[in-house]
Amino acid sequence: MASKIIAVIGATGAQGGGLCDAILNDPNGGFACRAITRDPSKDRARALAQRGAEVVRADIDDVASLRAAFAGAHGIYCVTNFWEHFSAEKEKQQAKYLAEAARASGAAHVIWSTLEDTRALMSPDDTRMPMLQTHYRVPHFDAKGEADGYFAGLPVTFLVTSFYWDNLYASGVVPQKSPDGSYAWALPMSDKRLAGIAAEDIGKVAYGIFKAGTKYVGKTVGIASEFLTISQMSDKLARAKGIPAITHQDVSADAYRAFGFPGADEMGNMMQMYRDFEAEVVGRRDPALARQLAGSILTFDQFLEKYKDRIQF
Ligand SMILES: NC(=O)c1ccc[n+]([C@@H]2O[C@H](COP(=O)([O-])OP(=O)(O)OC[C@H]3O[C@@H](n4cnc5c(N)ncnc54)[C@H](OP(=O)(O)O)[C@@H]3O)[C@@H](O)[C@H]2O)c1
């Protein structure tokens, strides 16, 4: 029997790349990988082609290209990249195109990589954090959550992801070294736990969801690997890097937003949301289910063992 095609948006990135790896690492699994990229000539796309993926060009800003790329697919993995443009409105438009093209394709199973709409956690007159881009608390969460509505009526699984531990090497979220040689990082997380995961494992979970057939169609699956306080993360990171200690400075969310780096206000709101609504965020994510669907996923210690050399501070 012919393998069922899974069309993967973001195939050259973290989430989609993990899904492509999972499909390609399971050649007898009954699925084939269609890797979608704007640029099939880039190294990561060529590497996927060499490993047996069908590489197809499409752009999530161009719905006609998506319709063509989704044709004949059994499954479709949909992800948007907020951090390429920082615009909630644009992210919603991209999600709308993805849903529209998925609907036209008649695919049996769609996974939408989403996050919660944090506006549901706070009343509109709550002043604890500023509104950003006029309408949003945490734009890259809220836009994805609002976009869930575009996928209504499709055979969809809503995959609610978590903070990538990979931010430690990819996004500059790292401790700083003081002139006295000590290490500290300032994060507005108090003693609350951050829901974290290795980015590569999100795609492994997604593959497990596709393999489960219709079991998770119409369902929301929230995933994380571990829920850790910044102090716990500090201790583990210090051990992995072979340094005596890392201190967590519990700054206010206002102070963090004022740090001024690109996206500081957005990250400040996000951290504050993780802190103030720890129970809601943690309650929505299930590490045991993530492990079961993926077969195995990295703990934070295992992640550090694998990536410690990339984490520089
Ligand atoms: N960082 C975190 O802690 C975290 C946690 C949870 C969720 N997220 C969410 O994850 C999303 C990003 O996913 P990721 O980390 O897997 O991304 P990534 O590693 O940065 O890669 C981005 C991928 O998106 C594709 N892409 C971007 N714009 C595209 C377009 N216009 N048309 C077609 N493909 C496009 C790129 O493909 P080509 O360049 O090859 O075309 C690339 O494969 C963000 O929206 C973010 O909010 C992040």
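Around the ligand, the shell of residues splits into 10 nonpolar, 11 polar and five charged. Here Ala, Val, Leu, Ile, Met, Phe, Trp, Tyr, Cys and Pro count as nonpolar, Asp, Glu, Lys and Arg as charged, and the others, Gly among them, as polar.

This is a predicted model, where local features need pLDDT of at least 70, side-chain atom pairs count only at pLDDT 80 or more, and totals for chains, interfaces and linings use all residues. Numbering starts from 1 along each chain as its sequence is written.

The ligand has 26 residues around it, and the closest are Gly13, Gln15, Thr37, Arg38 and Tyr164; a residue is near if its C-beta atom, placed from the backbone, lies within 6 Å. Helix α1 gives the most to this shell, with three residues. Helices (H or I, at least four residues) and strands (E, at least two) are DSSP runs, numbered from the N terminus.

Now for two helix pairs. Axes are lines fitted to C-alpha atoms, for helices over the stretch in contact, and angles run from 0 to 180 degrees between N-to-C directions.

| Pair | Angle | Axes apart |
|---|---|---|
| α1 (residues 14-24) and α7 (residues 199-211) | about 55 degrees | 7 Å |
| α3 (residues 63-70) and α4 (residues 88-105) | about 40 degrees | 9 Å |

That makes α3 oblique to α4, and α1 and α7 are therefore oblique to each other as well. Oblique is what's left after under 35 degrees (roughly parallel), over 145 (roughly antiparallel) and 65 to 115 (roughly perpendicular).

In the second pair, Val63, Leu66, Arg67 and Phe70 of α3 meet residues of α4 including Tyr97 and Leu98, with contact meaning C-beta atoms, placed from the backbone, within 7 Å. By class, that α3 and α4 contact has eight nonpolar, one polar and two charged residues.

Key: Two residues are in contact if their C-beta atoms, placed from the backbone, lie within 7 Å.
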